[in-house]
Amino acid sequence: MSDVLTAADARHWALLTRAALAARRTEIDALNVFPVPDGDTGTNLYLTLDAAIDEVVGSHEKAGILGSATLVEECRSLKRAILLAARGNSGVIVSQLVGGICDTVIEHDVTEADAVLVADALARGAASARASVAHPQEGTILTVADAGAAAAVQAAEEGGSLADVCEAAVDAAQEALARTPDQLEALRRAGVVDAGGAGCVLLLESLLTIVTDRWQVSDSDLLGGGPGLLRRDEWHHEGGDGSVAGLPGHDPLDREGERIGDGPAYEVMYLLVDTTPERVEALRSTLDDLGDSLLVVGGPDLWNVHVHVDDPGAAVEAGIAAGRPERIRITRFETQVAGRDPVATVGVVACSAGPGIGALLEEAGAVVVPSGPGGRASAGQLLDAVRRTRASAVIVLPADRDTLMAAEVAAEAAAADGIDTHVVPARTTVQALAALAVLDPARPVHANAVAMTGAAVSTRHGAVSVASKEALTWAGVCRPGDVLGVVDGDIAFIGTDLADAATEVLTRLLAGGGELVTLVAGADADEGLAATVAATLGHDRPELEVVVIDGGQPVYPLLIGVE
C-alpha cells in the first residue's frame, strides 16, 4: 500500500473504473429514471470512459510515451479526451468531474499526488461537475460527488492517509447514494437510487481499490472490460424491484404503474468549435429557453453541448449561430426506450487477431476491427465500425470471449442510434469464420443472427501455444517453452512438440464427429506446421475436408476448428 498516487496508479484507476462500469452498466441502465427514463446512463458512462481511454492510448502511442507518461501528461491527455468522448447527460457531467480532478494535478505540476492533493482534486472535480449543470438538482450524481469530496477533505485535514481519504470518500458517497430517493420523487416512486450517483460510487470504489492494492484483475479483464472485483451494493430502495425503471424495451413506470418522466422528446449533443466566450454564453441562454438538462462545458477552443429539447433543429441552429457544431447526435427518447422494428439490410463487423484473418474477413464483406491479446477491441471501436458499415442492421462477431462484453455494449449503443445490431457469440476466430460462412444478406437480420449463432456454437475449437512463463494450469504446472494443447478454451495437456500437440487437439475435437477442419497458422508458427498437420489428417482421416489459412495471429501458432 502506497501513500501517494502515481501515474501508474492513475492508469490503473481508469482501467479498473472502465472494467467496473462494463460489468455493472446494465444494472445502472435499469436505475435510470432521472432526468429522463431512457435506460442508458450505465452504457453512456462506460462508453465515455472507454472512448477516452482509447484516445489517450492512441495519442501516447504516437508520442512514444505509452505506459511511461507522467502523472501530469496522463491528466492533460485524459481531460481533453473525456470531453471529446462524453455521451449523454451523465457522460458530460462525469467528464467535468474527471476534468476537475485532472486540473488540480496539472496546476500543481506534481509527479505524485498525496492524500491532501487527492482530496483537493476530488473537491475540485465535484465543484466542476456542479458548475457545469445549468440548474443543479439534489439527489443526483452531483450530491453523491459532493458528499464524497467533503468527506475526503475532512479526512485529509485530520491527517488521514491516502487510504483513509479514499475510504472516507467511498463511505460518504455510498451513504449519499442511499439517500437519493429521499431527495428525488422520481427515484422514490421507482424504488431505485440515482443512476449517475451509482456510477460515481463505482469510480470512487475503484480508486480505493487501487490505493489499498486490493485488486487482482487480469490484463485481459482490464483491456477487454472484464468484471472487476468491487463489492456489490443494494441499489434498489425500500423493497423496490427496479424491474422497469428506465429499462430499455419497457415503459418507464413507477411501482404504482404510473409513467415516469414528462420532459422534452429529444436529446441533442454536439461539439462546438470556432467560437468565442461571448457567443457560448449566448448559446447557453438560448438553449436554456429551449429545453432542460442543459450542459455547455469545455473551452476555450472546444465545447461539449448537451440539452433535452422538443425542437432539435432549433438546438442545432443555435449552435450554428454560435460557432461550428461537429459530431451532432440527436436521439428521440421514446424510440430509445421502446426499441425499434427490425430491418433487413445486413452489415457485418468482425474482430481479427491477425492480418491474414482480417484480409479473409474483408473479402467476405465484413468491416474488420483489429483485436487480440494485449490489445482487444473496445466498445467504442466496435461502435465506430458498426456505423462504418452504413447498414440499417448489423451483426457483430467478437471472435474472442474477452471482447464479447464490449461487443454487447456497442450493440446497445448502436441500437440507440437506430441501427438494429446483434452480437453472435463467436468466442474464437474459427467460430467467427464458421458464422460468416452462413451469412445470407437476403435474409432478415434476425434470421441471420440465429443461423450464424448456430454455426458458431456448433464449431468445436482448439489451439496450440507455447508457455512464456511458469504457471499452474488444469493440466498441471507448465514452464517456459512447454507446448500447451488448448481444447474448447481450456489447457487440456502439456507437450513438447507443436505438430504432435496439434494432432492430439484434433483427436479430442474429432471424438464427437466432424466434416470440416479449419487450421489457422499464426505469426510465430514454423513454416510447414499447418501443412504437416493437414497431411497427417489427410492420411488418417481422408474423409475430412481440411482448410488451411495463413492468419498471422500472435500467441497461437495454430488455431483449430472442427465443424
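Buried here means under 20% relative accessible area, and the model we're looking at is a predicted one.

Q: On strand 7, which residues are buried on one side and which on the other?
A: In a regular strand the side chains alternate between the two faces of the sheet. Strand 7 has cover on both of its faces. One side holds V394 and V396, and the other holds A393, I395 and L397.

Q: How many of the residues of strand 7 are buried?
A: Strand 7 covers residues 393-397. It is largely enclosed by the rest of the structure, because the buried count is 5 of the 5 residues.

Q: Through which helix does the chain cross from strand 7 to strand 8, and what is the hand of the crossover?
A: This is a β-α-β crossover, and the link between the two strands is helix 16. Helix 16 spans residues 404-416. As for the hand, the crossover is right-handed.

Q: Which residue stands opposite A393 on the strand 5 side?
A: Strand 5 and strand 7 run parallel, with 5 bridges joining them. Strand 5 spans residues 346-352. Opposite A393 stands V346.

Q: Which residues of helix 15 are buried?
A: An α-helix has 3.6 residues a turn, so residues three or four places apart point the same way. Helix 15 runs over residues 379-388. Its cover includes helix 2, helix 16 and strands 5, 6, 7 and 8. The buried ones are A379, G380, L382, L383, A385 and V386.

Q: What is the phi of S293, and is S293 buried or exposed?
A: S293 lies in strand 2, and its phi is positive, near 50°, in a residue other than glycine. The cut-off for buried is under 20%. At a relative accessible area of 19%, S293 is therefore buried.

Q: What separates the C-alpha atoms of P325 and L271?
A: P325 lies in strand 4 and is buried, with a relative accessible area of 16%. Leaving aside neighbours within four places in sequence, its contacts are Y270, L271, L272, V316, G319 and I320. L271 is 54 residues away along the chain, yet the C-alpha separation is 5.5 Å.

Q: Among contacts between residues at least 6 apart in sequence, what share joins residues at least 24 apart?
A: The chain has 20 helices and 16 strands, and 55% of its 563 residues are buried. The share of those contacts joining residues at least 24 apart is 72%.

Notes:
Residues numbered from 1 in each chain as written. Predicted model: local features only at pLDDT ≥ 70, side-chain atom pairs only at ≥ 80, totals over all residues. Heavy atoms only, no water. Helix = DSSP H or I, 4+ residues; strand = E, 2+ residues; numbered from the N terminus. Buried < 20%, exposed > 50% of the residue type's maximum accessible area, 1.4 Å probe, protein only. Contact = heavy atoms within 4.5 Å. Pairing = 2+ DSSP bridges. Right-handed = clockwise from strand over helix to strand, strands pointing away.
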